[in-house]
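I opened the notebook to look up a few items in one protein model. The entries below follow the order in which I checked them.

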Amino acid sequence: MQDLSMSFRQAVALHQQGRLPEAEAAYRAVLQAVPDHGDTLRLWGLVALQSGAADAACARLSCAVAVNPGSSEALHVLGGAFRQAGKLEKALDSYRRATLLRPVFPECHFNHGNALVQAERSLEAAAAYRKAIVQRPLAADSRLNLAGVLNRIGDPAGAALQARAAIALEPHRPAMLTALGRAETGQGNSAAAERTHRRALRLDPGQETLAYEHGLALSALDRIEEASHRLHSLTRSTDATLRLGAKLALHRLVLRCIDADDYPRAAAVALNAGQGRVSDGTAMLPMRVRIESSSACNLRCRHCTTGVAYHSTERRLLKPEMFERILRNLKGIEGLVSGVMYLGGEPLMNPQLESMIRRLRDETSIDQIHFVTNAMLATEERCRALAECGVEKIYVSIDGRSPEENDAIRRGSHYPTVRRNLTLMRRYLEPAGVKLIISNNVLRRPGDPPAATVPAFLVQDFPGLPIATNYAYKWPGWTQTGEEAALVVEVDPRRRRGFCGAPFTETVIRPNGDVTLCCYDISGIKVMGNLGRDTLEDIWNGERYRALRLAMMAGDEAALPGVCRTCPVYTGEEIQERPASVPTPAVAAV
């Protein structure tokens with residue numbers, strides 16, 4: 001027995017020196033003599049765990065627990081082995097049993113809390129961390145992790161208290177300051193949060209996570225240029241999660257500027273051109289892609305380029321072969337969040353629409369997909385398929401101020417059919433979580449109010465359905481024909497921007513592979529490239545796109561392509577009636 005005791009001590013000494021292979025062999029030698037030696041089984045399992053052999057560790061430590069079921073230490077280490085092996089429920093059970101055997105066990109309470117966080121059981125995790133803190137008040141990591149949990153469950157005041165205690169214990173650890181900064185953000189104190197995150201970054205300027213947190217804090221203060229510069233520096237990070245987070249944060253900055261009608265600033269964020277930095281027109285990859293699933297249409301609307309100039313471009317459906325090429329290009333774009341399966345045709349003419357939407361959701365980073373339809377082709381079968389494909393929302397076009405006016409404007413439409421089909425869509429799609437919205441364009445007439453009024457017939461026929469009513473734009477390529485003599489183009493000064501953010505944030509892919517500028521160029525007038533020849537990334541930052549962006553930023557209207565100079569977003573042009581030439585609504589507008 002003396003020799004066995006000596007052999008065990010030698011094995012432990014090797015283990016403590018970090019000589020794991022030699023310790024492994026020494027423990028094995030002891031077990032050959034005494035197979036049920038509990039401490040040796042436990043430490044032998046710990047060697048496997050420290051060597052990354054989680055499954056072997058689980059087996060060895062399970063033997064140790066079987067030999068000595070009252071060993072809280074063996075159960076504690078077994079919990080770590082199960083957690084490393086991905087067996088989270090078994091890990092939680094092992095930690096629970098260990099703390100029942102030994103209630104005063106701060107290390108185990110701490111690790112139990114970590115496993116509970118992993119299992120997304122935040123309230124229980126907080127309780128475990130509190131036990132660890134009570135038993136070991138000077139353990140900064142327990143306070144740090146508790147602060148993280150409290151931030152997640154909406155208790156920023158409690159998180160701030162724990163983070164400050166952790167900082168007092170270990171003031172030079174950036175993680176403690178990061179936890180405090182997040183808590184200050186949760187408390188609505190953005191200025192304090194920015195200062196705290198800046199302090200953390202000063203402690204370790206090379207740590208990208210700290211730079212990311214500081215970028216978010218700057219963004220919360222609307223210090224757009226500083227936030228943009230900070231976040232752009234992370235878009236080339238080797239950490240995929242951090243890189244994607246930075247790109248999404250930049251996209252949110254762009255959208256915030258667009259929502260504030262500050263389009264030049266949005267473009268500067270996309271180009272990283274703020275604070276005196278010179279740009280060559282290269283922009284971060286688009287956040288939205290519009291894929292024209294069908295350029296063909298079953299209607300000939302009076303206010304639409306597709307309707308009045310149907311043969312101005314080739315009309316076709318997006319074929320599976322071209323969709324595969326598009327998909328390959330989109331898979332490489334991180335931060336691509338939005339997809340639109342519509343341009344100027346009718347998406348439901350394409351029988352592959354639902355399959356394409358499903359694959360975009362499954363195989364790319366896109367998680368928001370919508371399209372616009374006239375609903376004339378909606379059937380029960382299509383509604384079932386749409387309910388299951390992952391589309392987020394569908395806009396249904398119903399124009400004019402009355403059913404009669406809809407049919408007069410949307411030639412080929414039949415309002416009773418649209419009403420019946422939209423009711424069918426509601427029956428199948430709303431329970432599936434698909435949002436349905438009526439898109440209603442009306443032609444402005446003399447004396448109309450500045451903002452278009454929602455027609456009463458839509459409110460009556462579709463109670464509870466969102467309705468977006470706007471005056472009709474004049475689309476690029478729209479021409480006045482003799483048949484449309486009553487329609488004229490006028491400029492609404494309130495609509496004129498003199499700037500467009502589309503070349504900085506989104507792109508369009510047509511069924512033939514052409515990449516065009518934006519959703520307003522529904523005839524594909526300005527082609528920026530073709531996916532049959534180049535990748536989308538090469539086209540997006542190719543010479544044509546870069547030159548256009550620089551011209552837009554410089555306000556050089558003469559250098560812009562004609563499709564931009566005649567676009568309603570840039571010019572404020574809209575189609576108006578003089579005099580009214582369509583049936584008068586039977587019900588007054590509300």
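**Domains**

I looked up the distance between the C-alpha centres of domain 1 and domain 2, which is 39 Å. The assignment gives domain 1 as 1-201, domain 2 as 222-281 and domain 3 as 288-481 + 503-550. Such bounds come from an automatic or database domain assignment.

**Ground rules**

I noted that the model is predicted, that local features need pLDDT of at least 70 and side-chain atom pairs pLDDT 80 or more, while totals for chains, interfaces and linings use all residues. Residues are numbered from 1 along each chain as its sequence is written, and side-chain values use heavy atoms, leaving out hydrogens and water.

**Helix α4**

I found α4 at residues 54-67; helices (H or I, at least four residues) and strands (E, at least two) are DSSP runs, numbered from the N terminus. Its 14 residues reach 20 Å from first C-alpha to last, close to the expected 20 Å (1.5 Å times one less than the number of residues). I listed its buried residues (under 20% relative accessible area, 1.4 Å probe, protein chains only): Ala54, Ala57, Cys58, Arg60, Leu61, Ala64 and Val65. Their cover includes α2, α3, α5 and α6.

**Asn440**

I located Asn440 in strand β7, residues 435-442. Asn440 counts as buried because its relative accessibility is 0%. Its side chain reaches the backbone oxygen of Ile398 at 2.7 Å. I also noted a polar contact, at 3.0 Å, between the side chains of Asn440 and Thr469 (N or O atoms within 3.5 Å, one able to donate a hydrogen and the other to accept it; residues adjacent in sequence count only if both atoms are side-chain atoms).

Terms used. Buried < 20%, exposed > 50% of the residue type's maximum accessible area, 1.4 Å probe, protein only. Contact = heavy atoms within 4.5 Å.
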